[in-house]
Amino acid sequence: MIIDRIDNITRIPQEYRRPDPPAPKSVKIEVTGKCNFRCGFCPLSTRKHRGTDMDIKLFYDIASQISDLGIEEVGVFFMGESFSSPDLLVKAIKHLKKDLGIPYVFLTSNGSLADPATVSRCMAAGLDSLKWSCNISDKKQFSKIVNVKASLFDQVFENIRSAYKIREKHGYKTKLYASSIHYDNEQQGLMEDLLAQKILPYVDQHYWLPLYSMGSLATAKEKELGLIPTAGNSGRYDNPVPPIPCWTLFTEAHIMSDGRMTGCCADATGEWIMGDLRKESFMEAWHSGEFQKLRIMHLKGIVKGTKCEKCIIYK
């Protein structure tokens with residue numbers, strides 16, 4: 001199940017605790033940087049532009065390197081909402097599964113653009129996991145936090161229900177999951193009825209995530225909304241890991257839509273760039289001098305003066 005895969009990635013094995021670790025266990029590729037939401041807790045809201053699609057030839061090149069390295073888990077998303085570019089998303093999934101035989105291809109979506117036709121195409125292409133990010137309890141909160149028209153709130157749940165029916169009708173192997181951010185105990189209480197009625201009947205598993213600090217990139221908006229982030233990226237809410245060393249530096253690579261590799265799972269604006277896959281190989285970027293220096297500091301437990309100093313735990 002998905003929580004086992006998450007825990008496997010967020011726990012750093014001893015052989016990965018080095019400046020130049022083996023190839024990551026997992027890679028997230030931002031097939032598109034576009035997103036129709038502007039969530040107050042997400043650093044994507046700090047981007048000055050709406051995001052662009054990844055060039056398909058660049059995607060093929062990166063995917064080929066990932067396959068050659070024996071990496072078995074690939075996410076066809078990063079910061080953007082992949083259903084914003086449906087044809088590209090389907091093409092990416094099909095290439096990873098049909099052409100390269102990647103064992104596990106996964107996707108997280110806000111659900112609003114996941115229309116039944118595109119979801120069916122994704123499942124038919126071989127998508128292994130589709131997770132819905134469900135963080136809002138009602139339309140009032142939706143408008144306040146997501147900053148889009150409230151009508152999309154109902155569309156999200158219609159799409160979640162449709163995805164389940166499509167899978168069951170056609171016998172697709174795609175697992176369906178959902179996660180929710182645990183802003184606080186009050187929010188969890190508000191979410192319970194919604195989860196019971198509109199989400200849990202249509203997914204295989206649901207789990208809670210803490211409200212990450214997102215590298216402090218969205219801190220001003222979080223304060224405005226009255227949100228208090230947790231320290232660093234601690235993985236799942238019910239099974240957290242220490243924020244230092246940060247697992248995102250050691251076990252999972254993150255590729256932006258322009259081909260740059262970032263060291264932070266919340267980097268929407270390129271502040272943690274470690275390499276450029278348009279100019280160097282995947283492993284050259286993964287083992288770049290900048291990346292190794294940052295990992296050394298994390299392994300020492302000293303991040304003052306690094307790019308990670310802004311993360312809320314170090315305030």
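I took a contact to mean heavy atoms within 4.5 Å, and with that in hand I looked up how far apart in sequence the touching residues of this predicted model are. Of the contacts in the chain with a separation of 6 or more, 72% are between residues 24 or more positions apart.

**Entry on the whole chain.** I counted ten helices and eleven strands in the chain. Of its 315 residues, 58% are buried. The accessible surface comes to about 13,100 Å², and carbon and sulfur atoms hold 51% of that surface.

**Entry on the sheet.** I then asked in which order the strands of the open sheet stand. Nine strands form this sheet, with mixed pairing, and the order reads β6-β5-β4-β3-β2-β1-β9-β10-β11. At the edges I found β6 (205–210) and β11 (273–276), each of which pairs on one side only. From one strand to the next the twist averages 25°.

Going along the sheet, I noted that β2 (residues 73–75) and β3 (residues 104–109) run parallel and are joined by three bridges; glutamate 73 stands opposite tyrosine 104 of β3. I also looked at what lies across β4 (129–133) and β5 (175–182), and found helix α6 (residues 151–170) there, running at about 155° to β5.

**Entry on β9 and its neighbours.** On one side, four bridges join it to β1 (residues 26–29) in a parallel run, with serine 26 opposite glutamate 252. Strand β10 (residues 260–262) is joined to β9 by two bridges and runs antiparallel to it, and there threonine 262 is the bridge partner of histidine 254. I recorded β9 and β10 as a hairpin with four residues between the strands, where glycine 259 in the turn has a positive phi of about 95°.

Which way do the residues of β9 point? Glu252 and His254 point one way, Ala253 and Ile255 point the other way, and all are buried. I set beside this the general rule that in a regular strand the side chains alternate between the two faces of the sheet.

**Entry on helix α10.** I checked the length of α10 (residues 289–300) and found that its twelve residues reach 17 Å from first C-alpha to last, close to the 16 Å expected at 1.5 Å a residue. Phe291, Leu294, Arg295 and His298 are buried in this helix. Why do the buried residues of α10 line one face of the helix? Seen down the axis of α10, they fall within an arc of 100°, and so they line one face. The buried residues of the helix pack against β10, β11 and α9 (282–286), and just after α10 glycine 301 takes a positive phi of about 80°.

**Entry on glutamate 72.** Last, I looked up glutamate 72, which sits in the loop between α2 (56–68) and β2.

How values were computed
Residues numbered from 1 in each chain as written. Predicted model: local features only at pLDDT ≥ 70, side-chain atom pairs only at ≥ 80, totals over all residues. Heavy atoms only, no water. Buried < 20%, exposed > 50% of the residue type's maximum accessible area, 1.4 Å probe, protein only. Areas by Shrake-Rupley, 256 points an atom, 1.4 Å probe, with all protein chains shown as cover. Pairing = 2+ DSSP bridges. Axes fitted to C-alpha atoms, helices over the stretch in contact; angles between N-to-C directions. Expected span 1.5 Å × (residues − 1). Arc of directions from axis to C-beta.
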